[in-house]
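Biologist: Could you take me through one part of this model at close range? I would like to hear about the pocket and a residue beside its centre, and then how that region compares with the aromatic pairs elsewhere in the chain.

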Amino acid sequence: MSKIFLCGDPHGEFSHILSAIDQWHPDAVLILGDLTPPQSLDVIFKSVRDTKTKIYWIPGNHETDTDLIYDRLWRSSFARNNLHGRVQDICGVKVAGLGGVFRGQIWMPPNLPLFSSPSLFIRKIGKSGMWRGGLPRRHRSTIFYSVYEKLRECKADILITHEAPSMHAKGFEAIDDLAISLGAKMIIHAHQHESRCYLPQKGLKCRGIGLRGIIDLEGNIIVPAQVDPRELQEKIQKQVKLPFPGVRRTPASKFRRLTKNRFGRLQRREWSPVSKNKGRKS
């Protein structure tokens with residue numbers, strides 16, 4: 001049976017992917033966006049070229065952050081292995097890819113698209129807003145309805161996406177609907193930096209790959225996902241809101257009311273040794 005590995009957002013780190021390839025020799029590796037490579041993919045995967053492992057990818061939202069990051073992907077020989085908006089037979093498995101993210105300026109489901117295709121958006125912005133003779137760089141990682149609709153006409157076994165489906169709190173039903181139209185039984189997504197196996201819904205299995213995690217098609221963990229530093233910071237902030245567990249802080253306004261005397265002035269208490277002995281006879 002063929003081995004297909006799926007990788008969560010690398011965010012510039014590829015050593016764990018290269019190590020997994022060297023150890024397990026998978027037939028294919030699918031990277032689900034936010035690669036942000038520090039070098040051209042041709043340089044990063046130079047050692048993989050002479051092996052049987054094929055590298056495929058879809059873009060994330062950070063692939064268009066800078067010209068340099070964009071060129072390291074789309075101007076490498078691996079640009080032809082971009083699965084966004086198409087179906088590819090990989091080791092006997094039909095894989096559909098939807099990279100990028102939804103953006104309100106173009107289309108934010110469940111709302112109707114403001115611009116259904118790149119050409120309509122280009123007409124709106126004119127030549128002055130174009131980048132390299134076409135779409136602005138940022139929107140080259142935006143999901144357009146026309147690409148989504150064309151993909152719905154295809155058939156696939158699994159759907160890989162950067163955005164999450166509705167099973168996730170920040171996901172989209174549009175991803176579910178696409179998988180159902182494709183006839184896919186599984187959705188595998190990245191972007192949210194969470195390693196999650198969801199309960200089946202709508203006849204779909206769904207798996208989220210965490211930050212820099214690697215799994216196989218059966219959901220087995222090849223490389224454990226890393227903890228997102230931002231999520232860790234949020235958890236710490238939630239835990240330290242109160243100085244002691246179960247202790248409530250008295251609001252400042254209530255405290256002032258409780259400490260006012262009958263003349264409406266705040267009572268001041270002196271806690272120095274002098275104040276304790278004040279009024280005592282020696």
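Modeller: Happy to. A residue counts as buried when its relative accessible area is under 20%. Keep in mind that this is a predicted model.

With that cut-off in hand, take Asp 228: its relative accessible area is 4%, so Asp 228 is buried. If we set aside the neighbours within four places in sequence, the contacts of Asp 228 are with His 193 and Leu 211. His 193 is 35 residues away from Asp 228 along the chain, yet 6.6 Å separates their C-alpha atoms.

Asp 228 also belongs to the lining of the largest pocket, where Asp 228, Lys 170, Gln 192, Arg 230 and Glu 231 are the residues nearest the centre, out of 15 lining residues. The volume of this pocket is about 290 Å³. Sorted by class, its lining holds eight charged residues, six polar ones and one nonpolar residue.

Now for the aromatic pairs, which number 11. One of them joins Phe 45 and Phe 78, a tilted pair with 5.7 Å between the ring centres and 55° between the planes. Phe 45 is in the loop between α2 (41-44) and β3 (54-58), while Phe 78 is in the loop between α3 (67-74) and β4 (86-90), so this pair ties together parts 33 residues apart in sequence. Phe 45 and Phe 78 are both buried.

Another pair, Trp 107 with Tyr 148, is edge-to-face, at 5.1 Å centre to centre and 75° between the planes. Here Trp 107 comes from the loop between β5 (93-98) and α4 (118-125) and Tyr 148 from helix α5 (residues 145-152), so parts 41 residues apart in sequence are tied together. Trp 107 and Tyr 148 are buried too. These two rings are members of one aromatic cluster, together with Phe 102, Tyr 145 and Phe 172.

Stepping back to the whole chain, there are nine helices and 11 strands. Of its 282 residues, 41% count as buried. Among contacts between residues at least 6 apart in sequence, 65% join residues at least 24 apart. The accessible surface of the chain is about 16,600 Å², and carbon and sulfur atoms account for 52% of that area.

Technical notes:
Residues are numbered from 1 along each chain as its sequence is written. This is a predicted model: local features need pLDDT of at least 70, side-chain atom pairs count only at pLDDT 80 or more; totals for chains, interfaces and linings use all residues. Side-chain values use heavy atoms; hydrogens and water are left out. Rings of Phe, Tyr and Trp (its six-membered ring) pair if their centres lie within 6.5 Å; planes under 30 degrees apart count as stacked, over 60 as edge-to-face and the rest as tilted. Helices (H or I, at least four residues) and strands (E, at least two) are DSSP runs, numbered from the N terminus. Buried means under 20% relative accessible area, exposed over 50%, partly exposed in between (1.4 Å probe, protein chains only). On a 1 Å grid over the protein atoms alone, a cavity is a set of points where a 1.4 Å probe fits but cannot get out, and a pocket is an open set with protein on both sides within 12 Å along at least five of seven lines; lining residues have an atom within 4 Å of a point. Grid points are joined across faces, edges and corners, and a volume is the space filled by probe spheres set on the points. Ala, Val, Leu, Ile, Met, Phe, Trp, Tyr, Cys and Pro count as nonpolar, Asp, Glu, Lys and Arg as charged, and the others, Gly among them, as polar. Contact means heavy atoms within 4.5 Å. Accessible areas come from the Shrake-Rupley method with a 1.4 Å probe; for residues, only the protein chains shown count as cover.
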